[in-house]
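I opened my notebook to look up a few things in this structure. Have a look along with me.

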Amino acid sequence: MNKGKVDVLLGLQWGDEGKGKVVDVLTPRYDVVARFQGGPNAGHTLEFEGQKYVLRSIPSGIFQGDKINIIGNGVVLAPDLFMDEAKALEQSGHPLKERLHISKKAHLIMPTHRVLDAAYEAQKGKNKVGTTGKGIGPTYTDKVSRTGLRVGDILENFDEKYAQAKARHEAILRTMNYEYDIDEVEKKWMEGIDYLRQFPIVDSEHELNHLLGEGRSVLCEGAQGTMLDVDFGSYPFVTSSNTICAGACTGLGIGPNKIGEVYGIMKAYCTRVGAGPFPTELFDETGKRIRDLGHEYGAVTGRERRCGWIDLVALRYSIMVNGVTQLIMMKSDVLDDFATIKACTAYKVNGKLTRDFPYNIEHGIEPVYQELKGWQTDMTRFNSEDQFPQEFCDYIAFLEEQLATPITIISIGPDREQTILRSK
C-alpha cells in the first residue's frame with residue numbers, strides 16, 4: 001500500500017514567526033492541512049492578491065483550492081469566534097463547509113472560561129502571565145481535569161452537559177468574588193454552536209490515518225512557538241499546550257513514525273508578546289526601529305511586540321527538541337537598512353559561558369553577541385537567491401553553521417509571492 005507522508009510546520013521562537021504565510025505557500029504540495037493545538041489566541045496572517053486575512057482557528061491551507069483542512073483534537077475552539085472568522089472568509093468568496101472538518105475531540109472554550117481567565121490573571125497581580133484573555137488556559141485545565149466539553153458533545157444532550165460545566169465554573173467564580181456578566185456573550189456563543197453543526201464533525205484521527213493509508217500527504221500546522229511550549233518553554237510564561245513537534249502526534253492522533261520533514265520557522269530577529277523573560281530584548285531605539293519596520297503588533301490582540309536580536313541559544317534548543325530538518329527564515333527584509341546586525345551565540349549565566357538553554361532565564365542571563373555586517377539593500381523586490389547581496393549570504397551561512405540546519409525558504413515581504421525557495 002502506498003503510504004502518505006506527514007510533515008510538521010511550527011514556530012521556533014515565542015510565536016508570531018509567520019507560520020500562516022508559510023503554510024499557505026507550502027499547501028500546494030499537500031493534500032491535507034491540519035491544525036494540531038492552540039486556539040483563537042493565535043493569529044496567522046496571510047496576504048495575497050491585495051487582500052489581508054487573519055486566521056485564528058481555521059488552518060491556513062483553507063485558501064488553496066480543494067485541499068482538506070482539519071481542526072484537530074488538540075485544538076480548543078470558541079464557537080462564537082469561529083463563526084465570525086468562518087463567515088468573514090465565506091463572504092470573501094472562500095467556501096468552507098466542503099473544505100473544513102472539525103474533530104469531535106476538540107475541546108470547546110465556554111464563555112465562563114474567558115471569565116475565569118480574567119479572574120485568574122487579576123488574582124496574580126504583578127505576576128501576570130500576560131494571557132490574551134480568550135479562555136485558553138482554563139479550557140485546557142478542564143481538559144486535563146477531565147471536566148471539559150468537546151465538539152462531539154454538541155451532537156447529543158448538549159444543553160444538559162453545558163449547564164453542568166457552567167455550574168462548575170460559577171461555583172469557582174463565587175469563591176473568588178469576581179463580578180461578571182456573560183448574557184450577551186453566551187447568546188452569541190450558542191449561535192456559534194448551531195453554526196458549528198453545519199460543518200463535518202469527524203473522528204479526525206481515523207480520517208487522517210485513512211487518508212495517509214490512501215497515500216495522501218498531510219501538513220501539520222502548529223500555533224504559537226516552541227519557547228511557549230508548556231513543558232519546554234520559558235515556564236510559567238507559556239501557553240497551555242505542547243507547541244513542539246510531539247504535539248502534532250497527540251493533537252492529531254498520528255504515530256511518530258509517520259513524520260517526515262519538520263519545518264522550523266524563525267524570524268531573522270526575535271520578538272515576544274506579553275510577560276516573560278526575553279534575553280536579547282532591546283529597550284533602545286534599535287528595538288523600536290525593528291518594531292516599526294516589522295509592524296510588530298499582535299494579529300489578534302494588537303499588542304506591541306517586544307523586539308530583540310536573534311537568539312541562537314534558544315534556537316538551537318528549539319531545533320533539538322523538535323528534530324527540525326529544515327529552517328524557514330521570515331522577515332529578512334526588516335533588517336535591510338541596518339549597517340550592523342547582532343546575533344546572540346551564547347549566554348553568560350552568573351558569569352559562566354554556556355551554549356545550552358538553561359532551566360531559568362529570568363535572572364542572571366547576559367547574552368553574548370557576534371556582530372555581522374548588514375546588507376543595506378532593499379530585498380523586497382527580489383525573486384531569486386541569486387540576487388541576494390553578499391552580506392546577506394554571509395548572514396545565512398553564519399546561521400546555518402551555528403544552527404547546523406539548512407535554511408531552505410526565505411521570506412522577504414508579507415505577500416505569498418515574496419518567498420524565495422533556495423536551491424539547496
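How many disulfides does the count come to by this rule, a pair of cysteine sulfur atoms within 2.5 Å? I got 0 disulfides. Cys220 is in none, and its nearest cysteine sulfur, on Cys249, lies 7.9 Å away. Cys307 is also without a disulfide; for this residue the nearest cysteine sulfur belongs to Cys270, 9.1 Å away.

A note on what I am working with: this is a predicted model, where local features need pLDDT of at least 70, side-chain atom pairs count only at pLDDT 80 or more, and totals for chains, interfaces and linings use all residues. Residues are numbered from 1 along each chain as its sequence is written, and side-chain values use heavy atoms, with hydrogens and water left out.

Next I checked burial (buried is under 20% relative accessible area, exposed over 50%, partly exposed in between; 1.4 Å probe, protein chains only). Cys220 counts as buried because its relative accessibility is 0%. Cys307 is at 1%, so it counts as buried too.

Last, I looked up pairing, which takes at least two DSSP bridges between two strands. S1 runs parallel to S11 (residues 259-267), joined by 5 bridges. S1 also pairs with S10 (residues 218-221) in the parallel sense, over 4 bridges. Val8 has Val262 as its bridge partner in S11, and in S10 it stands opposite Cys220.

Notes:
Helix = DSSP H or I, 4+ residues; strand = E, 2+ residues; numbered from the N terminus. Disulfide = S-S within 2.5 Å.
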